[in-house]
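Student: Could you walk me through how the pieces of this protein chain pack together? I would like to begin with the helices.

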Amino acid sequence: MRVLLAEDEKALSKALVTILERNNYSVDAVYDGESALEYLENDNYDIAILDIMMPKIDGLTVLKNVRKRNNLIPILLLTAKSEVDDKVEGLDAGANDYLAKPFHSKELLARIRAIIRTQTGQSNSKLSMGNIVLDQTSFELSSTAGNYRLSNKEFQILELLMSNPNQLISSERFLEKIWGYDSEAEINVVWVYISYLRKKLTALHANIQIKAVRNAGYVLEQKNDKKTAN
């Protein structure tokens, strides 16, 4: 899950990046509205968190510009203001939610999860396929055989695969979505994390598998348990 964070208070921004990354989000941080608009135009994010009071272009103007471009990315507004009129203006402009400072990190994370569930039509925070369940709150991968708490990159790769079952996802797409355009990571790093996940799925006696399609990418699919007759 990729997040764009636009917050001009650098100490707060750094703290939020740490919190989000510890909760298995990939985060790009910018410090003014102009940069936020540029990043949103040129990159692919799952959600944007915008402070209203930012230099160059304020958060509400960023929000309005994004919506004028028919970009439906979920947007959570942050502000030190808590007046009803400010909330109404933000929501009427197309924001998905609104959080007034100061706030607790648990509330921020809960609101992000709620927004994403609404956007994806999920009724809870768990993804399932076959006999495997991925908990997006605890980051645990489980089956009746046991469970593993996934690392940041493992979780994000499997989340993307389980959100798009039976669909081919290229290695380039994983790099773009999880490591970001500015990353110096090489493409074989995707294979490394896919290998880690395959070992965990095997240990959990999963009836799903991550299949590699040569020179194309990876797809998550059900295993074919039918044995060929002699």
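Tutor: Let us start with a term: angles under 35 degrees count as roughly parallel, over 145 as roughly antiparallel, 65 to 115 as roughly perpendicular and the rest as oblique. This is a predicted model, in which local features need pLDDT of at least 70 and side-chain atom pairs count only at pLDDT 80 or more, while totals for chains, interfaces and linings use all residues. Residues are numbered from 1 along each chain as its sequence is written, and side-chain values use heavy atoms, with hydrogens and water left out.

Student: At what angle do helix 2 and helix 3 cross?

Tutor: Helix 2 (residues 33–42) and helix 3 (residues 59–68) cross at roughly 25 degrees, and their axes come within 9 Å. The two helices are therefore roughly parallel to each other. Helices here are DSSP runs of H or I with at least four residues, strands are runs of E with at least two, and both are numbered from the N terminus. Axes are lines fitted to C-alpha atoms, for helices over the stretch in contact, and angles run from 0 to 180 degrees between N-to-C directions.

Student: Which residues make that contact?

Tutor: Gly-33, Ala-36, Leu-37 and Leu-40 of helix 2 make it with Val-62, Asn-65 and Val-66 of helix 3. Contact means heavy atoms within 4.5 Å. These residues divide into 5 nonpolar, 2 polar and no charged. Ala, Val, Leu, Ile, Met, Phe, Trp, Tyr, Cys and Pro count as nonpolar, Asp, Glu, Lys and Arg as charged, and the others, Gly among them, as polar.

Student: Now the sheet, please. What is the order of its strands?

Tutor: The order is 6-7-8-9 in an open sheet of 4 strands with antiparallel pairing. Two strands pair if DSSP finds at least two bridges between them. Strand 6 and strand 9 (146–149) stand at the edges with a single partner strand each, so one side of each is left without a neighbour in the sheet.

Student: How many bridges join strand 6 to strand 7?

Tutor: There are 4 bridges between strand 6 (residues 126–129) and strand 7 (residues 132–135). Ser-128 has Val-133 in strand 7 as its bridge partner. Their hairpin has 2 residues between the strands, and Gly-130 takes a positive phi near 60 degrees there.

Student: And what about strand 7 and strand 8?

Tutor: Strand 7 is joined to strand 8 (residues 140–143) by 2 bridges, and Leu-134 stands opposite Leu-141 in strand 8. This hairpin has 4 residues between its strands, and Phe-139 in the turn has a positive phi of about 65 degrees.

Student: Is Thr-144 buried or exposed?

Tutor: Thr-144 is exposed, with a relative accessible area of 86%. Buried means under 20%, exposed over 50%, and partly exposed in between (1.4 Å probe, protein chains only). Thr-144 lies in the loop between strand 8 and strand 9.

Student: Last topic: at what angle do helix 6 and helix 8 pack?

Tutor: Helix 6 and helix 8 (residues 188–203) pack at about 80 degrees, with their axes 10 Å apart. They are therefore roughly perpendicular to each other.
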